[in-house]
Structure formats: C-alpha cells, structure tokens
Amino acid sequence: MKVPTATRPTTGADVLVESLARHGVDVVFAYPGGASMPMHQALTRYRDRIRTILPRHEQGGVFAAEGYARASGKPGIVMATSGPGALNLVTGLADAKMDSIPLVAITGQVPTHVIGTDAFQETPTVEVCRAITKHAYLVQDARDVARVVKEAFYLATTGRPGPVLIDMPKDVQNTIVSNPDYDVEMDLPGYSLPPAPTPEKIREVLEALKASERPIIYCGGGVLASNAGEMLRDFAAKTGIPVAMTVHGLGAMPSDHYLSLGMLGMHGTVYANMAVNHADLLLALGVRFDDRVTGKLSEFAKHGRIVHVDIDASEINKNKFAHIPIHSDVKSFLTEITPQATTGDYRAWHKQVDEWRASDPMTFDQRDDAILPQYVLDEFSKLTGGEFIMTTGVGQHQMWAAQWTKFNKLRTWITSGGLGSMGYGLPAAMGAQAAFPDALVVDIDGDGSFVMNIQELATVFCENLPVKIIVLNNQHLGMVVQWEDRFHQGNRAHTYLGPVDHPEAVGQGGGELPAVTYPDFVAVSRGFGVAARQVRKKAELVDALKEMIAHKGPYVLDVLVPYQEHVLPMIPAGGTVRDIIKS
C-alpha cells in the first residue's frame with residue numbers, strides 16, 4: 001500500500017511567496033542572509049513560477065528592481081536580509097521614492113522577541129526607511145502577511161508610485177499559518193485616489209488654450225507613470241503645441257517629431273529653454289518643477305500662466321504657483337481634454353521656435369583625433385534605429401545620452417534623475433534585461449559610475465543576461481571636472497580616478513589619452529567571463545559598436561574619450577536662460 005505524502009505546513013514565508021506569485025511576480029532580485037533564509041527556502045519551491053536572480057550586492061539588487069519596473073511597468077521586487085543587507089537597500093529606496101518607481105522591498109529581521117536588544121545584524125529598518133518609502137511595514141503576526149503584501153502592491157502601484165518596505169522577522173517567517181486568506185480585505189484608512197478632473201477644470205484649461213498664442217507642454221515622469229505616452233502624442237499633434245521633456249519624460253514625443261523640443265533644463269536644448277521662457281501658457285504634466293529644470297524659480301516661465309496636472313497634491317504649488325491646479329493623473333486629464341481640444345493657430349509661434357532651433361541647434365565638434373562622447377551616442381542611435389532599452393549611470397555620460405540618443409517611445413530610457421545615484425546603470429540594465437530577455441539592453445556608463453557596481457558583471461554572466469555596457473572612459477569624475485573647470489578655475493579636487501602620483505591628479509596632465517588606463521576594464525570584464533574591447537581611435541568605433549550589438553552575451557565596450565569635453569549647453573545652477581553657456 002502506498003503511503004500518502006504528508007502535506008507540508010504553510011509558513012509565513014510560504015504565504016509571502018505565494019502572495020508574490022498571486023500578484024503576478026515573475027522575477028525577484030534577492031540576496032540571502034540569516035534573517036531571510038526561510039523566504040529563500042520558500043522561493044526554491046516556486047522556481048517554476050518565479051525567477052530569483054542573485055545580485056552580487058544588495059544595492060545592485062534594488063537598482064535592478066528599479067530597472068525592471070521602469071522597463072516593464074510592473075513593480076520591481078527586491079529582497080535582502082536584516083542589518084547590513086537591509087541598509088544596503090537604502091540608496092535604491094530613496095532613488096525609487098524620488099523618481100516615483102513602484103517597488104516592493106522585503107527584508108528579513110531578527111525574531112520579534114529580540115527586537116530592540118541590539119541582536120546580531122539587527123537594525124530598525126522601518127525607522128531608517130520611513131522617510132524614503134511610500135509606506136513601511138514591520139510584520140508582527142504571520143496571519144497578517146497576505147494582507148500586508150496585498151496592501152504593499154496596491155500602495156506601490158497606485159496614485160504616485162513608489163517603494164513600499166515589508167520587514168519580516170524570522171520567527172514570523174517560520175510561524176505555521178492555517179488556512180491563509182489571500183483575498184483578505186485591505187485596511188488602508190485615509191488612502192484614496194483623486195478623481196478625474198472636473199468638467200469645470202477642463203473648460204478652464206480649454207479657455208486658457210484658446211486665449212494662448214505661445215503654449216508649451218512641459219511633461220515628465222508622470223506621463224510614464226500613468227501610461228499616457230500615446231495620449232500625450234495625440235493631444236500634442238491635435239493641438240499643435242510643442243513639447244519639452246524632463247529627463248524622465250524623454251520618449252513621450254519621438255525625438256524626430258516636429259513638435260519635440262527635446263529635453264529642457266540645465267543641459268536641455270537652447271530652443272526648449274527659450275520656448276518655455278517665452279511661453280504665455282505652460283501645460284505642466286506630471287512634473288515637479290525640479291531645480292535642474294527651473295534654475296532660478298522666480299524667473300522660470302514667468303511670462304505665462306501655468307496649468308499643473310499632478311497625481312500628488314503636495315507637488316502642486318510646492319515650487320511654482322499654478323494658476324490652474326489639477327489634482328489628477330496625466331492619463332485622466334488627457335482622456336478628458338483631448339476629445340474637446342482643437343488645433344490652435346500657432347504659425348507665428350512655430351516660426352519663432354524654428355528660428356531658435358536654427359540659430360542654436362544641437363551640435364558637437366567633428367574631431368578625427370579623438371572619440372567624442374556625443375559621436376558615440378549618435379552612432380549608436382543610427383545603428384539601432386531606436387530599438388533598444390537604455391540605462392545610464394550618473395554624470396556627464398548620462399546627460400550626453402539624454403541629449404544625443406534618439407528615443408521613439410517611453411520605457412526605453414532608464415536613469416536615476418532625482419537622486420542621481422552613481423552605480424545605477426549596470427544593475428538597472430540587468431533588471432530591464434530580466435524583464436525583456438530578447439531586447440537589446442545597453443548601459444551607457446562613465447568609468448567612475450561603472451566601477452561603483454562593477455561586481456554585477458558576475459550577475460549578468462551567471463544569470464545569462466546579455467547586457468551591453470558602453471563605458472565613456474575619461475579617467476575622471478567628468479561632471480565634477482566640468483564644474484571645476486567652469487567655476488573653480490580648473491583646480492582638481494580629487495576628481496582624477498587614476499594613481500595619485502600622475503600629473504592629472506592635480507590638473508597638470510597634458511590632456512592626451514593615457515597609454516594605460518586604470519583600471520583595466522577589459523581585463524576586469526574578462527575575469528568575470530564577460531567579453532570586452534577597448535577602443536581609442538574614431539575609425540574603429542562603428543565596427544566595435546556593431547561587434548558589441550551582435551554579441552550573444554554580455555559585453556563591455558571601453559571607449560576612451562577626452563576629459564576636457566564638457567556637456568553643453570549648460571545653465572548654471574540657480575541661473576536663467578540668459579545665463580546659458582553654449583561653448
């Protein structure tokens with residue numbers, strides 16, 4: 001007689017992982033430790049439904065979860081152990097909060113009976129993360145796990161998206177749960193979503209449009225968060241209103257569309273900044289009037305009325321007064337207004353914008369003696385025709401990528417905007433690649449930013465994630481060097497990344513490309529099992545890009561570029577369009 005197999009008891013950890021599966025989770029970025037082992041054991045029982053990717057650092061894991069979320073539109077999931085593991089998530093949680101990225105971060109915690117005793121690897125994770133998450137839970141009863149996970153997903157993905165933390169004590173993970181209720185009602189008193197804009201508000205905006213001669217759409221990450229990209233294009237095309245985008249709005253209008261003015265702000269196009277400065281009506285859609293966009297607030301868009309549409313009521317009138325405030329998501333606003341909108345007679349306005357485009361186009365030197373970063377991005381765009389997902393680190397390379405890459409659609413551009421987290425590019429790329437295994441995913445990085453999470457080369461190799469990395473290598477912290485050159489008489493203050501006995505360390509170098517670069521990214525990459533190549537000559541670049549794109553696995557292309565090159569145009573911090581630096 002066959003003895004029936006005993007049914008395994010369901011633990012709090014099992015309930016958590018089953019809840020993840022029921023919410024459609026297919027990828028988790030998780031680094032194990034003592035306080036999170038029960039959850040990892042539970043994950044092994046769901047290998048057929050959930051892919052667990054092992055990053056080589058928890059920061060790599062949370063940045064990867066952000067990349068997954070940005071590329072897919074689904075919440076990213078990251079898991080870490082207590083203490084140092086949880087604390088290594090802090091930068092990524094703050095990054096996701098600033099950029100409104102939906103994340104669910106799950107951390108192990110010491111058993112409930114020793115919380116507060118300074119137990120081994122104990123930190124007050126909820127207290128540490130409270131200000132940098134949308135909400136944070138310390139689960140103290142295993143019967144609450146299913147409800148908490150349900151609430152976490154709802155909070156992370158509705159309203160203004162953001163990161164939610166679930167801190168799971170080890171004894172809660174191990175507690176047996178009888179008949180868990182996965183359809184339990186949520187308990188979220190006071191949490192409500194704004195309604196669609198009222199007809200009165202829509203009429204007010206329509207009247208403002210009719211009275212306007214020089215309108216501009218200023219759009220940002222809210223267009224991405226509300227999945228309103230196609231609607232924005234339809235609205236702009238129907239009305240004939242030019243569109244300027246923040247760094248997170250890139251792709252909302254195709255780069256080659258007549259109405260696209262590209263990026264505005266500190267390193268935006270001259271014509272986008274001029275248009276905003278002279279506009280008599282600013283339609284601010286899903287933006288927060290960030291200082292890198294506005295410069296001197298009192299001078300920003302001061303000649304016109306402002307319509308501000310935002311899902312987060314706290315953003316309206318926070319930095320800039322809105323003449324017509326609309327507390328709503330961008331998609332709801334566009335759904336209501338587009339059918340009623342009409343084409344305006346903006347011929348004179350378009351002519352003026354065309355004159356600004358013609359007088360100050362985006363250009364760079366066509367040097368043959370060096371590979372300029374702008375040339376790299378321009379050639380990559382031509383070779384790929386917009387069929388890629390691009391991530392970046394933070395620095396000059398990030399701004400060059402924003403300026404010179406041709407984006408045709410949203411969710412193909414993933415970067416750390418609000419927090420500006422160096423080391424973001426590679427792990428974010430592996431998250432995007434996990435979401436879209438067959439896509440061409442490229443990380444545009446600087447040598448300083450790349451080295452901050454270079455250990456994730458092990459992840460992309462071991463997890464079969466064919467991420468491509470282009471390192472624009474100038475051996476310096478390029479953006480800080482640019483500010484040193486512009487505002488500190490070129491005095492080098494610890495911005496050279498090579499040995500301190502090199503003359504470049506104190507700004508005495510001759511400016512030539514070094515014979516030997518530090519570190520040797522080709523050797524390092526190959527040590528991780530990743531294909532790599534260094535390029536020094538402009539004539540070799542296009543062939544190297546083709547080789548990288550065609551390679552089946554991960555690939556690092558180390559491109560040497562001059563450190564004297566600056567990101568231009570540039571409006572100095574706190575300046576206005578009148579202060580713009582063009583050369």
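This is a predicted model: local features need pLDDT of at least 70, side-chain atom pairs count only at pLDDT 80 or more; totals for chains, interfaces and linings use all residues.
N179 belongs to the loop between α8 (170-174) and α9, and because its relative accessible area is 75%, over the 50% limit, N179 is classed as exposed.

## The sheet containing β4

Strand β4 is part of an open sheet of six strands, arranged in the order β2-β1-β3-β4-β6-β5 with parallel pairing. The edges are taken by β2 and β5 (135-138), each of which has a single partner strand, so one side of each is left without a neighbour in the sheet. Averaged over the sheet and with direction ignored, neighbouring strands are turned by 20 degrees against each other.

Within this arrangement, β4 (residues 103-109) and β6 (residues 163-169) pair in the parallel sense over seven bridges, and the bridge partner of G108 is M168 in β6. Helix α3 lies across β1 (27-30), β3 (76-80) and β4, and the helix runs at about 170 degrees to β3.

## Helix α3 against helix α18

On the α3 side the contact involves G60, F63, A64, G67, Y68, A71 and S72, which meet P427, A428, M430, G431, A432, A434 and A435 in α18.

Not counting residues up to four places away in sequence, H57 touches Y31, N88, Q455 and E456. A polar atom of the H57 side chain also lies 2.9 Å from the backbone nitrogen of Q59.

In sequence, H57 and V467 are 410 residues apart, while their C-alpha atoms are 17 Å apart in space.

## Q433 in helix α18

V467 is also one of the residues in contact with Q433, which is found in helix α18 (residues 425-435). Is Q433 buried or exposed? Its relative accessible area is 0%, and Q433 is therefore buried. The side chain of Q433 reaches the backbone oxygen of F436 at 3.1 Å. Leaving aside neighbours within four places in sequence, the contacts of Q433 are D438, A439, V441, L465, P466 and V467.

## The sheet from β7 to β12

A further open sheet of six strands has the order β9-β8-β7-β10-β11-β12, with parallel pairing. The edge strands here are β9 (260-263) and β12 (324-327), each pairing on one side only, and neighbouring strands are turned by 15 degrees against each other on average, direction ignored.

Strand β10 (residues 281-285) pairs with β11 (residues 305-310) in the parallel sense over five bridges, with H308 in β11 as the bridge partner of A284. Helix α9 (residues 199-211) packs on this sheet and touches β10, β11 and β12, while the direction of the helix makes about 140 degrees with that of β12.

## Helices α11 and α14

The axes of helix α11 (residues 229-239) and helix α14 (residues 330-337) come within 10 Å and cross at roughly 40 degrees, and α11 passes α14 in a left-handed crossing. The residues that make this contact are M231, L232 and F235 of α11 and K331, L334, T335 and I337 of α14.

## Cis peptide bonds

Which residue does a cis peptide bond join to P519? The partner is Y518, and omega is about -10 degrees; P519 itself is placed in the loop between α21 (478-487) and α22 (521-527). The peptide bond from L568 to P569 is likewise cis, with omega near 0 degrees, and P569 is in the segment after β18 (555-560).

Methods:
Residues are numbered from 1 along each chain as its sequence is written. Side-chain values use heavy atoms; hydrogens and water are left out. Two strands pair if DSSP finds at least two bridges between them. Helices (H or I, at least four residues) and strands (E, at least two) are DSSP runs, numbered from the N terminus. Axes are lines fitted to C-alpha atoms, for helices over the stretch in contact, and angles run from 0 to 180 degrees between N-to-C directions. Contact means heavy atoms within 4.5 Å. Buried means under 20% relative accessible area, exposed over 50%, partly exposed in between (1.4 Å probe, protein chains only). A polar contact is a pair of N or O atoms within 3.5 Å; within protein, one must be able to donate a hydrogen and the other to accept it, and residues adjacent in sequence count only if both atoms are side-chain atoms. A crossing is left-handed if the near helix is turned anticlockwise from the far one by less than a right angle, and right-handed if clockwise.
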